[in-house]
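Here are a few notes to read alongside the model. Keep the 3D view open and follow the points in order.

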Amino acid sequence: QVQLVESGGGLVQAGGSLRLSCAASGSIRSINAMGWYRQAPGKQRELVAGISSGDSTKYPDSVKGRFTISRDNAKNTVYLRMSSLKPEDTAVYYCAAGEYNRNWHFYYWGQGTQVTVSS
C-alpha cells in the first residue's frame, strides 16, 4: 500500500499561483508514476498532470503551460506548481500514485485538497 498526503491548497485570486505538495509513504517501490487529478462540483475527475520515474510528463491542454509537475525523490514528494490560475481551476485536487507503461494507471489516492480561485 502507498499512502499519499497532500498539502498546499487554499484560496487564491485569478492570475495568482499556488503550489501543491504530496508526500508518499509505504510501498514506494511498487509505483513508478505519480500525478494530480482534480474534480470540480458536477464534473468528472480529470488528470491534470502526471510524472513518471523516467521524467515523462503528461498535461491536458487546459493546463499546459500553466501547471508544472515535479518530484523530489529524496523526499518521496511530488509537487504541482500552478500559475495564471483561472476560476475554472477551482476544484478538489487529488494526488495519485501508480504506474506508467505507455499508459498511465493510478491505484492510490490522497484525501484531496481544495483549491479555490476567485475572480
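1. Start with S3 and strand S8 (residues 77-82): they pair in the antiparallel sense over six bridges. Strands here are DSSP runs (E, at least two residues) numbered from the N terminus, and two of them pair if DSSP finds at least two bridges between them. Across this pairing, Cys-22 stands opposite Val-78 in S8.

2. A word on the source: this is a predicted model, where local features need pLDDT of at least 70 and side-chain atom pairs count only at pLDDT 80 or more, while totals for chains, interfaces and linings use all residues. Residues are numbered from 1 along each chain as its sequence is written, and side-chain values use heavy atoms, with hydrogens and water left out.

3. Now zoom out to the sheet. It is open, with four strands in the order S1-S3-S8-S7 and antiparallel pairing. Strand S1 (2-7) and S7 are at the edges with a single partner strand each, so one side of each has no neighbour in the sheet.

4. Next, have a look at Ser-21, which sits in strand S3 (residues 18-26). Is Ser-21 buried or exposed? Ser-21 counts as buried because its relative accessibility is 14% (buried means under 20% relative accessible area, exposed over 50%, partly exposed in between, with a 1.4 Å probe and protein chains only). Leaving aside residues up to four places away in sequence, Ser-21 touches Val-5, Glu-6, Ser-7, Trp-36, Thr-77, Val-78 and Tyr-79; contact means heavy atoms within 4.5 Å.
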